[in-house]
Amino acid sequence: MEKAKNLDELGGEYAAAAGVVTQRIEDRRAKLKKLKKQSVEAGIIRSELNILYRERRDALETAGMLRNYYGGTKYAKLH
């Protein structure tokens with residue numbers, strides 16, 4: 001059985017997940033630069049980027065809330 005994580009540790013996991021999403025955003029932006037602006041593929045990538053930006057924002061907001069819950073105490077355990 002996995003040890004219960006404190007809220008700061010869990011917040012760190014969300015922050016790390018946001019980093020992964022940031023890399024996915026960077027990859028798609030680089031690909032988008034190589035495409036014609038009005039191409040179907042460019043439209044698909046722009047749609048994916050919108051989703052990824054929201055996903056990253058949500059992960060960062062959740063990380064911040066977890067890390068600051070009860071003043072960021074490491075004694076508040078999540079079960």
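Me: Which residues of α2 are buried?
Reply: In this predicted model, the buried residues of α2 are Ala42, Ile45, Leu49, Leu52, Ala59, Ala63 and Leu66.

Me: And what covers the buried residues of α2?
Reply: The cover over them includes α1.

Me: How many residues does helix α2 have, and what should they span?
Reply: Helix α2 runs over residues 40-68, which is 29 residues. At 1.5 Å a residue they should span 42 Å, and the end C-alpha atoms are 42 Å apart, so the two values agree.

Me: Changing topic, how many salt bridges are there?
Reply: The count comes to 8 salt bridges. One of them pairs Arg67 with Asp8, whose closest N and O atoms are 3.7 Å apart. Arg67 belongs to helix α2 and Asp8 to helix α1, and the pair links distant parts of the chain, 59 residues apart.

Me: What does Glu41 form a salt bridge with?
Reply: Its partner is Lys31, with the closest N and O atoms 3.3 Å apart. Because Glu41 lies in helix α2 and Lys31 in helix α1, the pair ties together parts that are 10 residues apart in sequence. Glu41 is partly exposed, at a relative accessible area of 37%, and Lys31 is partly exposed at 42%.

Me: Which residues are linked in a network of salt bridges?
Reply: Arg57, Asp58 and Glu61 are linked in this way.

Conventions: Residues are numbered from 1 along each chain as its sequence is written. This is a predicted model: local features need pLDDT of at least 70, side-chain atom pairs count only at pLDDT 80 or more; totals for chains, interfaces and linings use all residues. Side-chain values use heavy atoms; hydrogens and water are left out. Helices (H or I, at least four residues) and strands (E, at least two) are DSSP runs, numbered from the N terminus. The expected span of a helix is 1.5 Å times one less than its number of residues. Buried means under 20% relative accessible area, exposed over 50%, partly exposed in between (1.4 Å probe, protein chains only). Contact means heavy atoms within 4.5 Å. A salt bridge is a side-chain nitrogen of Lys or Arg within 4 Å of a carboxyl oxygen of Asp or Glu.
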